[in-house]
Amino acid sequence: MDGNGRWAKKRHLPRAAGHKRGVDAVRSTVRAARDLGLEALTLYAFSSENWKRPEEEVSDLMGLLRHFIKKEIDEFIANNVRLIVIGNYQALESDIVAMIDDLIARTAHNDGTTLAIALNYGSQDEMIRATRALAAKAVAGEIAPGDITEADFAAHLDTASLPPLDLLIRTSGEQRLSNFLLWQTAYTELYFTDVLWPDFGAAELKAAIDSFAGRERRFGGR
Ligand code: IPE
Ligand code: MG
């Protein structure tokens with residue numbers, strides 16, 4: 001989800017106003033994903049590198065996150081949405097961690113669309129954490145290093161409960177992955193749009209999915 005700052009700048013508004021409109025875009029995109037019957041939608045909300053931003057902006061983003069969780073929980077429950085979080089979210093402020101844990105627990109049995117929110121997420125950090133977990137199992141004699149498979153590694157990533165990643169959308173005209181789901185995107189279709197995140201919604205999601213539907217995927221075959 002990129003382009004909140006530029007959306008605000010174009011309108012001579014503070015960056016916080018862009019982030020606020022970004023939350024509205026999250027709401028409409030999650031609704032659209034649900035209506036389209038998507039199995040899962042993952043949103044990159046806060047990266048492990050976003051801590052480098054000014055303290056005030058980080059605090060605005062955390063405030064919006066608190067507000068979002070409080071406001072959306074009833075809609076998630078009513079609409080059978082399961083929420084999971086990827087990333088080291090335990091490092092966020094303790095009240096946010098508690099709210100997230102509560103939301104995860106209360107939606108755990110929903111079997112509609114899974115909404116995965118990436119918080120304090122970095123793909124390299126995720127892979128290091130998976131590697132440490134596997135190494136600990138090897139040291140404990142639970143698994144032999146030579147027996148570790150791709151499936152074992154995937155099962156130790158934060159995305160273990162998500163289906164294979166079909167489509168990755170990056171907004172705002174940037175064309176890079178920025179430490180997002182590097183393992184999981186091995187055969188993912190990539191879609192880049194100039195639309196700034198606050199302007200993203202049902203129509204843009206549909207356009208991305210239509211583009212995806214027209215592609216031929218061979219997964220290395222011929
Ligand atoms: C993305 O918008 C929002 C988050 C990182 C939460 P940006 O804040 O990166 O917006 P630009 O890139 O400055 O336009
Ligand atoms: Mg940006």
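Which residues form one aromatic cluster? Y44, Y121 and F180 do. The legends below take that cluster and other close-ups in turn.

This is a predicted model: local features need pLDDT of at least 70, side-chain atom pairs count only at pLDDT 80 or more, and totals for chains, interfaces and linings use all residues. Residues are numbered from 1 along each chain as its sequence is written, chains are lettered from A and ligands numbered from 1 in the order in which they are written, and side-chain values use heavy atoms, leaving out hydrogens and water.

**View 1. Three strands make an open sheet.** The 3 strands run in the order β1-β3-β2, and their pairing is parallel. Strands (E, at least two residues) and helices (H or I, at least four) are DSSP runs, numbered from the N terminus. Two strands pair if DSSP finds at least two bridges between them. β1 (40-47) and β2 (82-86) are the edge strands, each pairing on one side only. From one strand to the next, the twist averages 20°. Angles run from 0 to 180 degrees between N-to-C directions, and axes are lines fitted to C-alpha atoms, for helices over the stretch in contact. β2 and β3 (residues 114-121) share 5 bridges in the parallel sense.

View 2. Helix α2 (residues 15-35) lies across β1 and β3. α2 runs at about 160° to β1. Contact means heavy atoms within 4.5 Å.

**View 3. E75 meets two arginines.** E75 is found in helix α3 (residues 55-78). Leaving aside its neighbours within four places in sequence, E75 is in contact with R31 and R34. The side chains of E75 and R31 are joined by a polar contact of 2.7 Å. A polar contact is a pair of N or O atoms within 3.5 Å; within protein, one must be able to donate a hydrogen and the other to accept it, and residues adjacent in sequence count only if both atoms are side-chain atoms.

**View 4. Aromatic rings pair up.** Rings of Phe, Tyr and Trp (its six-membered ring) pair if their centres lie within 6.5 Å; planes under 30 degrees apart count as stacked, over 60 as edge-to-face and the rest as tilted. The count comes to 8 aromatic pairs. Y44 and Y121 pair edge-to-face, 5.8 Å centre to centre with 85° between the planes. Y44 sits in β1 and Y121 in β3, 77 residues apart. W197 and F200 are stacked, at 5.0 Å and 15°. Buried means under 20% relative accessible area, exposed over 50%, partly exposed in between (1.4 Å probe, protein chains only). Y121 counts as buried because its relative accessibility is 0%.

**View 5. Nonpolar residues gather in a core.** A nonpolar core is a set of buried Ala, Val, Leu, Ile, Met, Phe, Trp, Tyr and Cys residues joined through side-chain atoms within 4.5 Å. The largest one has 34 residues, and F76, L92, I100, L115 and L119 have the most contacts inside it. Helix α3 gives the largest share, 9 residues. Among the contacts of L115 beyond four places in sequence are V30, L41 and F76. A second, separate core of 10 residues includes I84, Y121, L168 and L181.

View 6. Most residues other than glycine have a negative phi. N120, in strand β3, has a positive phi of about 50°. N120 counts as buried because its relative accessibility is 7%. F219 also has a positive phi of about 50°. F219 is exposed because its relative accessible area is 51%.
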